[in-house]
Amino acid sequence: MEIQLWKEILEPYQIAVEELLVKFQYLIREYRSHGKYSPIEEVNGRVKKISSILEKMHKKKISFENIENRLDDLAGIRIICQFVEDIDAVVEIIKHRSDMEVIEEKDYVSNPKESGYRSYHLIIRYNVITLSGTKNIKVEIQIRTLAMNFWATIEHSLQYKYRQNMPEQIRGRLNSAAEAVVALDKEMSAVRHEIMDSQNSFQIKAMVVAEILNTIQNLYSAANKREIIKIQDEFYRVYKLGDLDELIKFGRELDIIAEGYRAQGIAEQ
């Protein structure tokens, strides 16, 4: 089979992965830039390797002509969440997007596989625009917590090593680890609100500090050096206090100073 044929088939799937990664990463930034908690912690993706496709074709007796119809995971996106509750939130976000059509769901969170594997799978249809026109392709999206992902990564490596002949001792340890993951996710859910409040406060503080520093930078071309030094010293003093309300107050006062210099600049013209 010519390499060029594989390239022609898989190229739209690569485009889909790259576009979806950009969209989900932007979603994370959008939540955080508005000082909101993002249910998506991180996202990554891949196009299935040719060697893995060939292996699956052989295992499921799929012809080359039917791989796009029979295989749902040629393109894959993995979304990692902090908490189990976030998984449902992400599923709803995807279902309500006009650029993604959910055609299949598999809930391995509520109904884990016998191995202990837990994750939520969505098969979506996504339009990719190429030189040849628009192509509607299937993409598998896996949504799981950090703990689930750690377990699944280890389990996948062991399955690859033993080729479906995993020793019972190791299988038993994996099952025990899967139970530990369930317990860990439950414990994290119990303190979810406290963690979210802390992370939100951190995000808001980072935004306020960034805006203050940007305003100070802009003042360099307008205010005199002595006043800039005075402003910087006051900023460091307020920052060391660690009080978000004081930082916000300082930022507002700084905005008034900056507005005054803009007015002076207009009057001088």
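Okay, let's start with Asn149: leaving aside its neighbours within four places in sequence, it is in contact with Arg78, Ile80 and Arg144, where contact means heavy atoms within 4.5 Å. Before I go on, this is a predicted model, so to speak of local features we need pLDDT of at least 70, side-chain atom pairs count only at pLDDT 80 or more, and totals for chains, interfaces and linings use all residues. Residues are numbered from 1 along each chain as its sequence is written, and side-chain values use heavy atoms, with hydrogens and water left out.

Back to Asn149. You'll find Asn149 in helix α5, residues 146–162. Helices here are DSSP runs of H or I with at least four residues, strands are E runs of at least two, and both are numbered from the N terminus. Is Asn149 buried or exposed? Asn149 counts as buried because its relative accessibility is 19%; buried means under 20% relative accessible area, exposed over 50%, and partly exposed in between, with a 1.4 Å probe and protein chains only.

Now Thr145, which sits in strand β5, residues 133–145. At 0% relative accessibility, Thr145 is buried too. Its side chain reaches the backbone nitrogen of Met148 at 3.1 Å. Not counting residues up to four places away in sequence, Thr145 touches several residues, among them Ile80, Phe83, Ile87 and Asp185.

Next, Arg97, in the loop between α4 (84–95) and β3 (101–107). Arg97 counts as partly exposed because its relative accessibility is 24%. What joins the side chains of Arg97 and Asp99? A polar contact of 3.0 Å. By that I mean a pair of N or O atoms within 3.5 Å; within protein, one must be able to donate a hydrogen and the other to accept it, and residues adjacent in sequence count only if both atoms are side-chain atoms.

On to the strands. β3 and β4 (residues 120–130) pair in the antiparallel sense over six bridges, and two strands pair if DSSP finds at least two bridges between them. Lys106 stands opposite His121 in β4. β4 also pairs with β5, antiparallel again, over eleven bridges. There, Tyr120 has Ile143 in β5 as its bridge partner, and a hairpin of two residues joins β4 to β5.

So what about the inside? The largest nonpolar core has 52 residues, and those with the most contacts inside it are Phe24, Ile77, Ile79, Ile94 and Ile143. A nonpolar core is a set of buried Ala, Val, Leu, Ile, Met, Phe, Trp, Tyr and Cys residues joined through side-chain atoms within 4.5 Å. Helix α1, residues 3–33, gives this core its largest share, eleven residues. A second, separate core of 15 residues includes Ala223, Leu247, Ala258 and Tyr261. As for Ile79, its contacts beyond four places in sequence include Phe24, Val90, Ile94 and Ile143.

Last, the whole chain. How many helices and strands does the chain have? Nine helices and five strands. The radius of gyration is 26 Å, well over the 18 Å that the globule rule gives for 269 residues, so the chain is more spread out than a compact globule. That radius is taken over C-alpha atoms, and the rule is 2.2 Å times the number of residues to the power 0.38. Along its principal axes, the C-alpha trace spans about 80 × 50 × 30 Å. Buried residues make up 37% of the 269.
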